[in-house]
Amino acid sequence: MVDISEDGRTWVLSGPASSYAVHVTDRDELLHLHWGPRIGLADAEALTVRPLPDYWPFESPLDGREEYPVEGGPRFARPALAVRTPERRGTEWTYEGHDTGDGELRLRFRDGDLDITLHYRMRSSADVVERWVTLDNHGPAVEVLRADSATWTLPDRDAWRLSQLHGRWGAESRLERSALTHGEKVIGSRRGHTGHQHLPWVALDTDATEERGEVYGCALGWSGSWRIAVAQLPDARVQITGGAGCDDSGLLMLGTGESYTTPVFAGLWTDGGFGGASRAWHAYHRAYVIPDAGRDRPVLFNSWEATEFDISEEQQRALAERAAAMGVELFVVDDGWFGARTSDRAGLGDWTPNPDRFPGGLKPLADHVHGLGMQFGIWVEPEMVNPDSDLYRAHPDWVQYQTGRKRTEFRNQLVLNLAREDVQEYLWQQLDGLLSSAPVDYVKWDFNRCFTDAGWPDDPYPQRLWVDHVHALYALLDRLRAAHPAVAFESCSGGGGRIDLGVLSRTDQVWTSDNTDPLDRLAIQHGFSQVHPARVMAAWVTDSPNAMLNQRASSLRFRFVSAMAGVLGVGGDLTKWTEEELAEARDWVALYKEIRPMVQRGDQYRLRPPEGGLSAVQYALGDETVVLAWLQAQRYGEPVPALLLRGLDPTASYECLETGEVHRGAVLLHHGLRVGLCGDLDATVVRLKRK
């Protein structure tokens, strides 16, 4: 909902519990008024009468108060917009007007031949404010050095605290909270994709707990290089600026008649603490971001850890039969099915089945998998190419490269220049043909190296490939989804290297991390849940000891309960599992299917974080709730603490549902609302239903 003042210069966007207000002065200065608890138009107009402070020349009265700072003029804060023409630099805009429609507010400004439109959208069912910017050039070429999606201004508070998700390959999405000090904190990616090192999300609070207190959060929807800067200004005001691109060296060149639209930078205010913020983000994902969010994701088996590159149709059939007997619903053939792909040294780019391994193509295996009652999926890495491939031998100029410089190969592969239209068309033909040649239900789309030699020698403005690559990726995914609407897509980038609102709007789930150790995963999943829901968080049960990273041994119970906190998958070598393990796994899969609606569509409550001996998470949907708990360690012989459940009706009573032999004896109930974990079990699942 958007309320507009009579003079058309003050606007209030409101959701269920919060409001966002801005104002244009008679000097065409766009000022931020309010972001927080819901207010009316009269309240916002009252804020407009406050005069700007009269600073000495060493500070600017606009800094920390402008809604979208531009370069130039009486301001020193980080500019959200920086453009160049041969004649001038900076921006001196004038306010042109506004319009609304479909719940969206558009504020229009002009600087010479450049139109600048600031977009706002706040849906009636969510407290998330979506912001983005459109640039339209009507004159000579304009170089856009920087065009951020939004600048967020926080109210005056003492002692802000910053939350962020940091990490690396195999250790993504780890939550870190620290005091915000004067100056700037900048996070981002210079790697051409979202990156393992930071997720494009930040949150700020002063004294919030998991369930109480004000929290401001921002999440960027962009799958390429990006930057978010959190600045505590000299007068203690805080602004958050973010968008595509990692620096100010040049984003794109806008020719006459061309336009550029930034990605969405979404913001959320809540007074429900970190848990309330997470649940609001999750609901927003399910309602407005994730395709087909109301459809639960199936239990999958992926063949990679069982076979790696040593793959054959007969072997895949045997694994599929064991997976089907376990209750798996989706069977995925990972790397090694195509071209000359017997190792990571060859084959990328040649997306046709290896005739020695799959003499009849993929269709016979897909038909066999379907006959077992499962869906069929495959792994691809379309944006990459091996030098040892038919594609590279035919088109060596299709990769990113710098003339006269040594070529960098990570994982023996190069990055295709997806900004090129001929590369886009080749990939469309290859992937559309592949999905048309066999009954494929699912595609795991991987991206296993960062940009390094990001050059395009034949292009007059080669740095545009950083942005155009991502736009081409989005267009290709959109085109494939439109042509093959029954096919689901997973975003993967060596684990969690491409997770953001942009790619999530085009894929059905994401691969959270290559690290499948169930104990490590608890911290990764805890951080992931700060902004993204379990509905998209793929999690696998793999073999023990964990061969990928640490050789840590863990029980099958612990592995399953850890993975059941998201979209359950299995990735071990089933041919080496004992009959007892297969039988136990079958019971866990059956239980997951029962609790899946709560996990994937319910409200999530983080009962205890993974730092201590006991950690637990709860999901509630309708009259049912489920608790997943993990006993990581007991110290000094102390008893395991009970868990106080949340989100339930304190006046109602709940019964514990029988969960089968594998769970018997795991549950201690205390006056209906408290659940404990027996010390002789390292993980458990507890289901409760309102009587």
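Guide: Strands β3 (residues 18-24) and β4 run antiparallel to each other and share seven bridges. One of the residue pairs to look for is Tyr-20 with Trp-35, its bridge partner in β4. A quick word on terms: strands (E, at least two residues) and helices (H or I, at least four) are DSSP runs, numbered from the N terminus, and two strands count as paired if DSSP finds at least two bridges between them.

Keep in mind that this is a predicted model, where local features need pLDDT of at least 70, side-chain atom pairs count only at pLDDT 80 or more, and totals for chains, interfaces and linings use all residues. Residues are numbered from 1 along each chain as its sequence is written, and side-chain values use heavy atoms, with hydrogens and water left out.

Now step back to the whole sheet. Four strands make up an open sheet, ordered β1-β2-β3-β4, with antiparallel pairing. At the edges sit β1 (2-4) and β4 (30-37), each of which pairs on one side only. From one strand to the next, the twist averages 15°.

And what packs on the sheet? That's helix α1 (residues 41-48), which touches β1, β2 (10-14), β3 and β4; contact here means heavy atoms within 4.5 Å. The direction of α1 makes about 135° with that of β2. Such angles run from 0 to 180 degrees between N-to-C directions, with axes fitted as lines to C-alpha atoms, for helices over the stretch in contact.
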